[in-house]
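Here's a quick briefing to read alongside the model. Have the sequence and the 3D view open, and start with the surface before going inside.

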Amino acid sequence: MKVVVVVMPKQEVLDPQGQAIGRAAESLGYSDVVDVRQGKRFVVTLSSEMDRKRAVAYVSELAEKLLANTVIEDFSVESIQP
């Protein structure tokens, strides 16, 4: 089973990489880009079969303890693939 976790900076936290990407997009002529936030995407493969609810709880605990710095980042479990 594969679980996708997306980690993003909290809205109140400055995102200099996202700002740089936004400025670069504007300089390339993408004038409709208003804001860019850069994050991380993790694909976690689990070795054992478990139901969706348990897999979400399991990977959420992993994300909270290891994948995200919860002081400045939020995370979400985006999808689960068998």
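For the surface, one term comes first: a nonpolar patch is built from Val, Leu, Ile, Met, Phe, Trp or Tyr side chains joined within 5 Å, each residue having over 30% relative accessible area and no salt bridge. Keep in mind that this is a predicted model. With that said, here's the tour.

**Surface patch**
- Leu 28, Tyr 30 and Val 33 make up a nonpolar patch on the surface, and together they have about 340 Å² of accessible area.
- Tyr 30 sits in the loop that runs between α1 and β2 (40-45).
- Why does Tyr 30 count as exposed? Its relative accessible area is 53%, and the exposed class begins over 50%.

- In soluble globular proteins, nonpolar side chains tend to be buried together.
- Here the largest nonpolar core has 13 residues, and the ones touching the most other members are Met 1, Val 3, Val 5, Leu 46, Ala 55 and Val 59.
- Two elements, β1 (2-9) and α2 (52-67), each give two or more residues to this core.
- The largest share is from α2, with four residues.
- Looking at Val 3 and skipping residues up to four places away in sequence, you'll find that it touches Phe 42, Val 43, Val 44, Leu 46, Val 59, Val 77, Ser 79 and Ile 80.

**Salt bridges**
- How many salt bridges does the structure hold? There are two.
- One is between Lys 40 and Glu 73, with the closest N and O atoms 3.2 Å apart.
- Lys 40 is in strand β2 and Glu 73 is in strand β3 (residues 73-81), so this pair ties together parts that are 33 residues apart in sequence.
- Lys 40 is partly exposed at 36% relative accessibility, whereas Glu 73 is buried at 13%.
- Another salt bridge joins Lys 65 and Glu 61, whose closest N and O atoms are 3.3 Å apart.
- Both Lys 65 and Glu 61 are in helix α2, four residues apart, or about one turn of the helix.
- Lys 65 comes out as exposed, with 66% relative accessibility, while Glu 61 is partly exposed at 45%.

**A buried charge without a partner**
- Asp 15 belongs to the loop between β1 and α1 (16-27).
- Asp 15 is buried but has no salt bridge: Arg 37, the nearest side chain of opposite charge, is 4.2 Å away.

- Phe 75 is part of strand β3 and counts as partly exposed, at 25% relative accessibility.
- Beyond its close sequence neighbors (up to four places away), Phe 75 touches Val 5, Val 6, Val 7, Ser 60, Ala 63, Glu 64, Ala 68 and Thr 70.
- Phe 75 and Val 4 are 71 residues apart along the chain, yet 10 Å separates their C-alpha atoms.
- Arg 23 lies in helix α1 and is exposed, at 53% relative accessibility.
- From Arg 23 to Asp 35, twelve residues apart in sequence, the C-alpha to C-alpha distance is 9.2 Å.

Technical notes:
Residues numbered from 1 in each chain as written. Predicted model: local features only at pLDDT ≥ 70, side-chain atom pairs only at ≥ 80, totals over all residues. Heavy atoms only, no water. Core = buried A, V, L, I, M, F, W, Y, C linked by side-chain atoms within 4.5 Å. Buried < 20%, exposed > 50% of the residue type's maximum accessible area, 1.4 Å probe, protein only. Contact = heavy atoms within 4.5 Å. Lys, Arg positive; Asp, Glu negative; His and termini not counted. Salt bridge = Lys/Arg side-chain N within 4 Å of Asp/Glu carboxyl O. Patch = residues over 30% accessible without salt bridge, like charges linked within 9 Å, V, L, I, M, F, W, Y side chains within 5 Å. Areas by Shrake-Rupley, 256 points an atom, 1.4 Å probe, with all protein chains shown as cover.
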